[in-house]
Amino acid sequence: EAHCDAVLAADRTCAKALFRRGQARLGRDALHEALADLLGACKLEPQNRDFRAEHNQLRTLTAEQPALANRLQDLAVVEEKALRQLHTARADEALRAFALLQRECDSETV
């Protein structure tokens, strides 16, 4: 990311540097910053398919973030319930809850 910043300091219109910085920011989960960089790269080179594909993929991911956060919260509730059941010697119920949680986690890409 620092190398891209240096390139962009010298040439703010370097689409490749914006694209690479966007990828670096994506790698550290700075999704909105990454989205801004990828959009900038797309504006500079609208014909570049790689830029557009990466931008569209990230735009979809950021749109799904609230739904993912809600889903993770739901899974946390199930996990908490299972742990309570384990501590109250209701092991069979806890095992069923953990099995449900495992199936949910396996079916989701978190």
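Mentor: Start with a definition: a residue counts as buried under 20% relative accessible area, as exposed over 50%, and as partly exposed in between. Keep in mind that this is a predicted model.

Trainee: Why is Phe19 called buried?
Mentor: Phe19 has a relative accessible area of 7%. The cut-off for buried is under 20%, so Phe19 is buried.

Trainee: What makes Phe51 count as buried?
Mentor: The relative accessibility of Phe51 is 6%. That value also falls under 20%, and therefore Phe51 counts as buried. In the whole chain of 110 residues, buried residues make up 27%.

Trainee: How many aromatic pairs does a search of the whole structure find?
Mentor: The search finds one aromatic pair. Its members are Phe19 and Phe51, with ring centres 4.6 Å apart. Centres must lie within 6.5 Å for rings to pair.

Trainee: Why is the pair of Phe19 and Phe51 called stacked?
Mentor: A pair of aromatic rings is described by the distance of the centres and the angle of the planes. Here the planes stand at 25°. Planes under 30 degrees apart count as stacked, so the pair is stacked.

Trainee: Which parts does the pair tie together?
Mentor: Phe19 lies in helix H2 and Phe51 in helix H4, residues 49-87, so the pair ties together parts that are 32 residues apart in sequence.

Trainee: What are the elements of the chain, from the N terminus on?
Mentor: The order is α-α-α-α-α. The chain has five helices and zero strands.

Trainee: How do you know how H2 and H3 run relative to each other?
Mentor: The axes of H2, residues 15-27, and H3, residues 31-44, cross at roughly 160° and come within 8 Å. An angle over 145 degrees counts as roughly antiparallel, so H2 is roughly antiparallel to H3. The crossing of H2 and H3 is left-handed.

Trainee: Which residues of H2 and H3 meet?
Mentor: From H2, the residues are Ala15, Leu18, Phe19, Arg21, Gly22, Arg25 and Leu26. From H3, they are Leu31, Glu33, Ala34, Asp37, Leu38, Gly40, Ala41 and Leu44. By class, the residues of this contact are nine nonpolar, two polar and four charged.

Trainee: Why is Leu26 called partly exposed?
Mentor: Leu26, in helix H2, has a relative accessible area of 24%. Leaving out residues up to four places away in sequence, Leu26 touches Leu31, Ala34, Glu54 and Leu58. The C-alpha atoms of Leu26 and Leu58 are separated by 8.5 Å, while the two residues are 32 residues apart along the chain.

Trainee: What makes H1 and H2 roughly antiparallel?
Mentor: The axes of H1, residues 2-10, and H2 cross at roughly 150° and come within 9 Å. The angle is again over 145 degrees, and therefore H1 is roughly antiparallel to H2. The crossing of H1 and H2 is left-handed. In their contact, Cys4, Asp5, Val7 and Leu8 of H1 meet Ala17, Leu18, Arg20 and Arg21 of H2. This contact has five nonpolar, no polar and three charged residues.

Trainee: Is Asp5 buried, exposed or partly exposed, and how do you know?
Mentor: Asp5 is in helix H1, and its relative accessible area is 32%. Between Asp5 and Ala17 the C-alpha to C-alpha distance is 7.8 Å, with the two residues twelve apart in sequence.

Trainee: Why does Asp29 count as exposed?
Mentor: Asp29 is placed in the loop between H2 and H3. Its relative accessibility is 64%. The cut-off for exposed is over 50%, so Asp29 counts as exposed. Phi of Asp29 is near 65°, a positive value in a residue other than glycine.

Terms used: Residues numbered from 1 in each chain as written. Predicted model: local features only at pLDDT ≥ 70, side-chain atom pairs only at ≥ 80, totals over all residues. Heavy atoms only, no water. Axes fitted to C-alpha atoms, helices over the stretch in contact; angles between N-to-C directions. Helix = DSSP H or I, 4+ residues; strand = E, 2+ residues; numbered from the N terminus. Parallel < 35°, antiparallel > 145°, perpendicular 65-115°, else oblique. Left-handed = near helix turned anticlockwise from the far one by under 90°. Contact = heavy atoms within 4.5 Å. Nonpolar A, V, L, I, M, F, W, Y, C, P; charged D, E, K, R; others polar. Phe/Tyr/Trp six-rings, centres within 6.5 Å; stacked < 30°, edge-to-face > 60°. Buried < 20%, exposed > 50% of the residue type's maximum accessible area, 1.4 Å probe, protein only.
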